[in-house]
Amino acid sequence: MKKKCYTMAGITAVLGTAAIIGGCGGSSSSKGTEAPPTAIVSSVPSTSEPTLDPTKTPESTAASSAISPTSAPTSKATSKPTDSSNSSITAVANPESLQVIANKNRALPSNYIPDDLVEPNVPFPYKEKVEKRKLRKAAADALEEMFAGASNDGLTLYAVSGYRSYATQKSLYNHYVETQGEEHASRYSAKPGTSEHQTGLAMDVSSQSAGFQLEENFGTTPEGKWLAAHCAEYGFVIRYPNGKENITGYAYEPWHVRYVGKDVAQQVMAKGTTLEEFYQLAVPASGN
Ligand SMILES: [Zn+2]
């Protein structure tokens, strides 16, 4: 079954064409196995969030040890999905950090709007001037460089969906609640604050060869393969790798790249790991 990231007409009305709902802050696994990373976090205090600049030599904090290439844990995606109640959602205290981690258990403040959003000068598969074209400046600059790199290799990447405001996500979520019910909404749409797109550091990327869709098969296209192979050189990671649902809370999304800076990106991608594991925010569930 293909993973689709968008397409409901009603949602298009809310977000404009090619509105995104998928794990890109939206739905979870296409296999119907809601995989909330309950393991990720409630026990991690917000003060331990990765606020440090990874290019500087960290010292003695928990976050610094997580940045060490030798101490970042390897994959242990063995935890089982458990209950998806809201009780484990932690408020993110450093939403402006380029290394901020937002996920189903770590919500961004409702009033957080990045103050440096710009539209990268890259191709989009639509004409509308909408908020989702935007990224924070550092991410936008890096995206332009990455797309230019792909172009040099004869491939054309398209930016589909970047920044998404809390208000937009709330509208999207409420739309689901109203039309599909709370249970469906909680399963297929990210709760406001929990979409990484609100950080302004994530972009969904596609290609003509993938029909500009955000689906798993993008990962098998020349553009998708190039993206996975080269994104770290520009400071991006494939945020939701294959087989890491229990860690990230999302099924494989070869189209969703997240800017974290070259140092972290290269370490994460070289290890084939996730940001949660890299920052030791994911702990295998126990007692369930
Ligand atoms: Zn996305």
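This is a predicted model: local features need pLDDT of at least 70, side-chain atom pairs count only at pLDDT 80 or more; totals for chains, interfaces and linings use all residues.
The protein comprises 288 residues, of which 49% count as buried. Its secondary structure consists of 9 helices and 8 strands. Among contacts between residues at least 6 apart in sequence, 71% join residues at least 24 apart. The average pLDDT is 77, and 67% of the residues score at least 70. Over residues 283-288 the pLDDT is below 50, and this stretch has 12 contacts in the model beyond near neighbours in sequence. The pLDDT also stays under 50 over residues 25-85, a segment for which the model has 143 contacts beyond four places in sequence.

An open sheet is formed by 4 strands in the order 5-6-8-7, with antiparallel pairing. Strand 5 and strand 7 stand at the edges of this sheet; each has a single partner strand, so one side of each lacks a neighbour in the sheet. Direction ignored, neighbouring strands are turned by 45° against each other on average. Strand 5 is joined to strand 6 by 3 bridges, and Ala159 has Val205 of strand 6 as its bridge partner. Strand 6 is in turn joined to strand 8 by 3 bridges, the two strands running antiparallel. Here Asp204 is the bridge partner of His256 in strand 8.

Strand 6 was examined residue by residue. In a regular strand the side chains alternate between the two faces of the sheet. Ala202, Asp204 and Ser206 point one way from strand 6, whereas Met203 and Val205 point the other way. The residues on both sides are buried. Because 5 of the 5 residues of strand 6 are buried, this strand is largely enclosed by the rest of the structure.

The largest nonpolar core contains 49 residues. Those that touch the most other members are Leu143, Met146, Val205, Cys231, Phe236, Val237 and Val257. At least two residues of this core come from each of helix 3 (137-152), strand 5 (158-161), strand 6 (202-206), strand 7 (236-240), strand 8 (253-259), helix 8 (262-271) and helix 9 (275-278). Helix 3 gives the most, with 7 residues. The surroundings of Cys231 illustrate how the core is put together. Apart from its neighbours within four places in sequence, Cys231 is in contact with Met146, Phe236, Val237, Ile238 and Val257.

An α-helix has 3.6 residues a turn, so residues three or four places apart point the same way. Just after helix 8, Gly272 takes a positive phi of about 65°.

Methods:
Residues are numbered from 1 along each chain as its sequence is written. A nonpolar core is a set of buried Ala, Val, Leu, Ile, Met, Phe, Trp, Tyr and Cys residues joined through C-beta atoms within 7 Å. A residue is buried if 20 or more other C-beta atoms lie within 10 Å of its own, exposed if 12 or fewer, and partly exposed in between; C-beta atoms are placed from the backbone. Two residues are in contact if their C-beta atoms, placed from the backbone, lie within 7 Å. Two strands pair if DSSP finds at least two bridges between them. pLDDT is the predictor's confidence in each residue, from 0 to 100. Axes are lines fitted to C-alpha atoms, for helices over the stretch in contact, and angles run from 0 to 180 degrees between N-to-C directions.
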